[in-house]
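Opening the notebook on a new chain today. I'll jot down what I look up, in the order I get to it.

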Amino acid sequence: MAKTNNIVHQYFKKQLEGFKLLVKVNPIHFKGTEIMVPESGEVEMRDLEFDAEIFDDLKADGFTECTALEFNLYASGLAK
């Protein structure tokens, strides 16, 4: 199995006024995905590249850890 398949991503979330943000971070390559879920329910996703300070930045911005299940439910459209 290739080493890229053995990466355990880290997941974070933050509730803001009117929407929820969820972030998936690849801690090796510093790439990931952001999901924005407005109260209207239309999910927006975008791929991002991060720097090595991403975890400090997320903590400073008030993000908390969440589960892969929660992130993937929003990513698949099963949760709104």
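This is a predicted model: local features need pLDDT of at least 70, side-chain atom pairs count only at pLDDT 80 or more; totals for chains, interfaces and linings use all residues.

**Entry 1**

I began in the loop between S2 and S3, which is where Phe 30 sits. Is its side buried or partly exposed? Phe 30 comes out at 21% relative accessibility, so I put it down as partly exposed. The cut-off for buried is under 20%.

**Entry 1: the overall layout**

Next I stepped back to the whole chain. I get 2 helices and 5 strands. Reading along the sequence, I wrote down β-β-β-β-α-β-α as the order. The C-alpha atoms fill a box of roughly 40 × 30 × 20 Å along the principal axes. How does the radius of gyration fit with a compact globule of 80 residues? The rule gives a value near 12 Å and the chain has 13 Å, so I noted that the two agree. As for burial, 31% of the 80 residues count as buried.

**Entry 2: salt bridges around Glu 70**

I then went looking for salt bridges, and the count is 3. Which residues are linked in a network? They are Lys 13, Lys 20 and Glu 70.

I took the Lys 13 contact to begin with: its side chain meets that of Glu 70 at 3.3 Å, N to O. Lys 13 is in strand S1 (residues 10-16) and Glu 70 in helix H2 (residues 68-76), so this pair ties together parts that are 57 residues apart in sequence. Lys 13 is partly exposed, because its relative accessibility is 27%. Glu 70 has 17%, so it counts as buried.

Then the other contact of Glu 70: a salt bridge to Lys 20, 3.7 Å from N to O. Here too the pair links distant parts of the chain, with Glu 70 in helix H2 and Lys 20 in strand S2 (residues 19-26), 50 residues apart. Lys 20 has a relative accessible area of 17%, so I have it as buried.

**Entry 3: the Arg 46 pair**

Arg 46 forms a salt bridge with Glu 34, and I read 2.7 Å between the closest N and O atoms. Where do the partners lie? Arg 46 is in strand S4 and Glu 34 in strand S3 (residues 31-38), a link between parts of the chain 12 residues apart. Arg 46 has a relative accessible area of 46%, so it is partly exposed. Glu 34 is at 15%, so it goes down as buried.

Which residues form the negative one? I listed Asp 51, Glu 53, Asp 56, Asp 57 and Asp 61. I followed up on Asp 51, which lies in the loop between strand S4 (44-49) and helix H1 (54-60). Its relative accessibility is 41%, so Asp 51 counts as partly exposed.

**To keep**

Technical notes. Residues are numbered from 1 along each chain as its sequence is written. Side-chain values use heavy atoms; hydrogens and water are left out. Patches are made of residues with over 30% relative accessible area and no salt bridge: like charges are joined within 9 Å, nonpolar side chains (Val, Leu, Ile, Met, Phe, Trp, Tyr) within 5 Å. Accessible areas come from the Shrake-Rupley method with a 1.4 Å probe; for residues, only the protein chains shown count as cover. A salt bridge is a side-chain nitrogen of Lys or Arg within 4 Å of a carboxyl oxygen of Asp or Glu. Lys and Arg count as positive and Asp and Glu as negative; His and the chain ends are not counted. The place of a charge is taken as NZ of Lys, CZ of Arg, CG of Asp or CD of Glu. Helices (H or I, at least four residues) and strands (E, at least two) are DSSP runs, numbered from the N terminus. Buried means under 20% relative accessible area, exposed over 50%, partly exposed in between (1.4 Å probe, protein chains only). The radius of gyration is taken over C-alpha atoms; the globule rule is 2.2 Å times the number of residues to the power 0.38.
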